[in-house]
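Morning, everyone. Let me put the model up, and then we'll go through a few spots in turn.

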Amino acid sequence: MGNLIKVLGKDLENCPHFFLDFENAQPTEAETAVWNQVSAVLEEAHGILAELQSYNGAGQEIREAIQNPNDLQLQEKAWNAVCPLVAKLKRFYEFSLRLENALRSLLEALTSPPYAPMQHLEREQALAKQFAEILHFTLSFDELKVSISHTLLTLISCGMSSLEAENEVNNEMANRMSLFYAEATPMLKTLSNATTKFVSENKTLPIEDTTDCLSTMACVCRVMLETPEYRCRFTNTDTMLFCMRVMVGVIILYDHVHPVGAFAKTSKIDMKGCIKVLKEQPSNSVEGLLNALRYTTRHLNDDSTSKQIRALLQ
């Protein structure tokens with residue numbers, strides 16, 4: 001199994017537990033084609049996060065231009081500030097489409113016959129790591145997007161006509177971008193829709209193959225987070241947060257794809273255990289993740305969700 005080691009001495013609770021080396025897994029020859037395709041997308045993802053972290057907006061320029069409509073100098077200043085930022089937002093949106101295709105490639109690889117999802121995760125650890133990296137990027141992007149969301153729609157509405165005149169953004173693209181950024185968690189919504197579409201289009205593939213892949217990954221992350229002897233294997237201090245983001249991401253995808261969701265008693269994900277692991281961490285590092293479970297899942301408020309789980313997320 002290489003870097004994927006079965007965790008022994010645990011109550012399996014009908015859920016497979018593994019230690020997956022998110023830091024060092026390397027592709028085998030069989031994984032290389034998909035790995036190379038996804039790797040190119042992930043390389044771009046790192047740059048996008050860096051750009052979003054340094055994003056300053058153009059709120060001041062926009063306000064001054066609106067308050068002084070006859071001041072041509074302020075109008076030009078706002079134009080020059082807004083246009084490159086909207087072009088950047090367009091590039092982020094277009095990247096979400098490439099991320100969707102990368103996720104599809106990974107889902108196809110990790111659920112294809114003749115192997116079961118658990119066997120795929122054992123055999124194709126580098127692809128499992130890339131799947132985790134996509135989820136990590138997605139939640140990181142959406143957390144950053146929330147912090148600047150008050151300026152985004154203003155930018156889009158103010159900048160579209162300008163960019164349309166320069167053939168940067170046509171009306172259809174403007175509408176798509178507006179819908180994308182109007183979502184509280186646009187990248188996560190993209191992945192949820194892509195996963196649901198993957199299941200609906202692959203009618204010969206049992207839905208359990210996809211949901212078992214997701215629930216297994218959730219179990220992997222939970223056990224690594226709650227078990228000190230496995231946490232101490234992490235050489236990078238950021239790996240704890242990486243595991244938490246991945247765990248939350250796969251829970252949300254599972255909840256969107258599985259007919260009864262992640263919170264039902266029949267779910268293969270130990271939701272109580274996952275939420276407790278998050279709540280044991282400093283609140284400033286996990287509040288965004290807890291909010292993602294509260295507000296971006298589909299089945300939390302279903303009658304089948306226990307009062308205990310709802311209480312944990314309050």
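Start at D255. D255 is buried but makes no salt bridge. The nearest side chain of opposite charge belongs to R298, 6.3 Å away. Cut-offs, quickly. Buried means under 20% relative accessible area, exposed means over 50%, and partly exposed is in between, with a 1.4 Å probe and protein chains only. A salt bridge needs a side-chain nitrogen of Lys or Arg within 4 Å of a carboxyl oxygen of Asp or Glu. For charge, Lys and Arg count as positive, Asp and Glu as negative, and His and the chain ends are not counted.

Two housekeeping points. This is a predicted model, where local features need pLDDT of at least 70 and side-chain atom pairs count only at pLDDT 80 or more, while totals for chains, interfaces and linings use all residues. Residues are numbered from 1 along each chain as its sequence is written, and side-chain values use heavy atoms, with hydrogens and water left out.

Back to D255. What lies 2.5 Å from a polar atom of the D255 side chain? The backbone nitrogen of R298. For polar contacts, the rule is a pair of N or O atoms within 3.5 Å; within protein, one must be able to donate a hydrogen and the other to accept it, and residues adjacent in sequence count only if both atoms are side-chain atoms. D255 also touches G261, A262, F263, T297 and H299, as well as R298, leaving out residues up to four places away in sequence. Contact here means heavy atoms within 4.5 Å. D255 sits in helix α10, residues 239-257. Helices are DSSP runs of H or I with at least four residues, strands are runs of E with at least two, and both are numbered from the N terminus.

Now the whole chain. It has 13 helices and 2 strands. There are 314 residues, and 52% of them count as buried. Take contacts between residues at least 6 apart in sequence: 74% of those join residues at least 24 apart.

Next, the largest pocket. Rolling a probe the size of a water molecule over the atoms shows where empty space is left. The volume is about 460 Å³. Its lining has 20 residues, and H46, H136, D238, F242 and R245 lie nearest the centre. Elements giving two or more residues to that lining are α1 (32-53), α5 (125-165) and α10. Which element gives the most? That is α5, with 7 residues. The pocket definition uses a 1 Å grid over the protein atoms alone: a pocket is an open set of points where a 1.4 Å probe fits, with protein on both sides within 12 Å along at least five of seven lines, and lining residues have an atom within 4 Å of a point. Grid points are joined across faces, edges and corners, and the volume is the space filled by probe spheres set on the points.

Salt bridges. The structure holds 14.

E108 and R104 pair up at 3.4 Å, N to O. They are 4 residues apart in helix α3 (residues 72-111), so about one helical turn separates them. E108 is partly exposed at 39%, and R104 is partly exposed at 28%.

K197 and E201 pair with their closest N and O atoms 4.0 Å apart. These two are also 4 residues apart, in helix α7 (residues 186-201), so again about one helical turn lies between them. K197 is partly exposed at 43%, and E201 at 44%.

D270 and R222 meet at 3.7 Å, N to O. That pair links distant parts of the chain, 48 residues apart: D270 is in the loop between α10 and α11 (271-279), and R222 is in helix α8 (residues 207-226). Is R222 buried or exposed? Buried, at 4% relative accessibility. D270 is partly exposed at 24%. One more point: salt bridges that share partners join R104, E108, K197 and E201 into one network.

On to α11. M271, G273, C274, I275, V277 and L278 are buried there. The buried residues of α11 pack against α8, α10, α12 (283-295) and α13 (307-312).

Last stop, α4. Q119 is in this helix, residues 117-123, and is partly exposed at 34%. Beyond neighbours within four places, H120 contacts A109, L110, T111, S112 and Y115.

That's the tour.
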